[in-house]
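Please keep the coordinates open while reading.

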Amino acid sequence: MPRDKVILAYSGGLDTSVMVPWIGEKYHLDVVAFTVDLGQGEDIERIRQKALKTGAVDAVAIDARNLFVDHFVWPALMAGAVYEGKYPLATALGRPLIAKLMVDTAHEHGARAVAHGCTGKGNDQVRFDVTFQTLDPSLKIIAPVREWKMTRPEEIEFAKKHGIPVEATKESPYSLDLNLWGRSCEAGVLEDPWEEPPPDAFGWTVAPEKAPDQPEYIEIEFERGRPIGLDGERLDGVPLIERLNKVGGKHGVGRIDHVENRLVGIKSRELYEAPAAVILHDAHRELETLVLSKQAVRFKTFVAQEYADMIYNGLWFNGFHYDLWAFVQSNQRFVSGFTRVKLFKGKATVVGRRSEHSLYSKKLATYEGGDVFDHDAAKGFIRLWGLGQQTQAQQQLLKGGRGFDMPGLPGPGK
């Protein structure tokens with residue numbers, strides 16, 4: 001009698017390789033390994049073949065880089081979503097897509113369960129489980145690392161017992177996760193927030209002091225909030241991000257050292273490298289200052305924070321997301337144009353921006369010839385602008401000689 005199936009998020013590492021026979025033994029389920037390429041630089045076909053050799057009854061490998069960029073990364077960029085002002089949400093954006101594809105694969109294979117390798121301490125378990133429960137609550141969720149109590153030596157012994165090849169590679173002292181939008185690094189010496197990150201913790205960027213001594217200028221084109229070109233060449237999202245990661249990393253751009261507040265209630269010290277994300281967020285934000293009204297820019301800061309929190313907290317498939325996205329799409333209608341960015345010694349500095357939709361008028365802003373600003377109107381404007389404050393001061397704050405009773409501020413004449 002055939003057994004029921006489970007879709008396992010499979011990376012090819014020790015943990016997920018051990019999970020294939022472990023799930024089979026404990027839950028009596030046949031494992032279908034699932035691997036997705038989000039630009040992490042791995043050979044997903046090699047990983048798929050390893051899964052089959054490890055005992056999976058089937059193995060699925062999907063290149064989802066374009067899906068990831070077009071439907072997850074670009075919307076987050078358009079929204080200005082950066083968690084706690086620092087983290088561009090690379091891993092957090094990838095999880096709902098992986099989980100969605102796993103649910104689709106479960107339906108295609110008639111599986112009744114899904115499984116992942118997240119721990120009980122991190123954010124990713126929430127992102128996976130909440131997405132699974134939202135898209136198909138009938139699927140059983142298995143998280144072996146939350147259940148088993150095996151140490152790494154015990155996992156290696158388990159692997160040998162079941163004929164699973166254990167690659168003789170030097171174990172990294174860090175926990176790594178990466179995709180097109182960024183690389184995260186934690187654990188090891190990084191768990192002490194006082195310690196400076198050592199050189200071996202970085203993989204995408206050179207140290208700023210070792211970056212080229214000459215700056216490099218790049219020009220990014222946006223259309224309705226989405227990047228569409230680099231240095232005069234139209235590019236799809238994946239190659240555009242890849243190029244920016246390379247050129248930004250060469251100049252030491254994109255290093256982020258962040259003590260962040262995890263969803264589970266603890267603080268963790270995370271090291272991120274995200275050259276393309278840092279460059280594009282800065283370039284996009286500066287173009288917005290040119291084309292959006294004062295009210296739109298200020299209100300969007302609230303939307304950006306809500307959007308970032310929603311992504312970080314694993315609530316991508318949420319009705320509130322539709323509401324936020326409706327605003328973002330409308331808000332980005334005129335965010336088209338170009339930004340010029342200077343890359344130098346670890347910094348990406350926007351040094352120019354232009355757009356056919358620009359609200360900037362040199363004739364109004366200039367202090368030189370051609371000034372069309374009505375200076376005579378300023379006096380009346382100032383009189384009306386300060387009228388409310390003047391009235392309150394005369395009727396309340398200065399009445400009876402009391403003066404301005406404010407902390408640290410002497411009254412009039414003192």
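Helices (H or I, at least four residues) and strands (E, at least two) are DSSP runs numbered from the N terminus. This is a predicted model, in which local features need pLDDT of at least 70 and side-chain atom pairs count only at pLDDT 80 or more, while totals for chains, interfaces and linings use all residues. Residues are numbered from 1 along each chain as its sequence is written, and side-chain values use heavy atoms, with hydrogens and water left out.

Among the buried residues of H5 are Arg 127, Phe 128 and Phe 132, where buried means under 20% relative accessible area (1.4 Å probe, protein chains only). Their cover includes helix H4 (90-109) and helix H10 (294-312).

H10 also packs against helix H3 (residues 65-79), at an angle of about 145° and with the axes 9 Å apart; the axes are lines fitted to C-alpha atoms over the stretch in contact, and angles run from 0 to 180 degrees between N-to-C directions. Contact (heavy atoms within 4.5 Å) is made by Pro 75, Ala 76, Met 78 and Ala 79 of H3 with Lys 300, Ala 304, Tyr 307 and Ile 311 of H10.

Tyr 307 and Ile 311 are also among the residues that touch the most other members of the largest nonpolar core, which has 78 residues; such a core is a set of buried Ala, Val, Leu, Ile, Met, Phe, Trp, Tyr and Cys residues joined through side-chain atoms within 4.5 Å. H4 gives the most to this core, with 10 residues.

Definitions and conventions: Buried means under 20% relative accessible area, exposed over 50%, partly exposed in between (1.4 Å probe, protein chains only).
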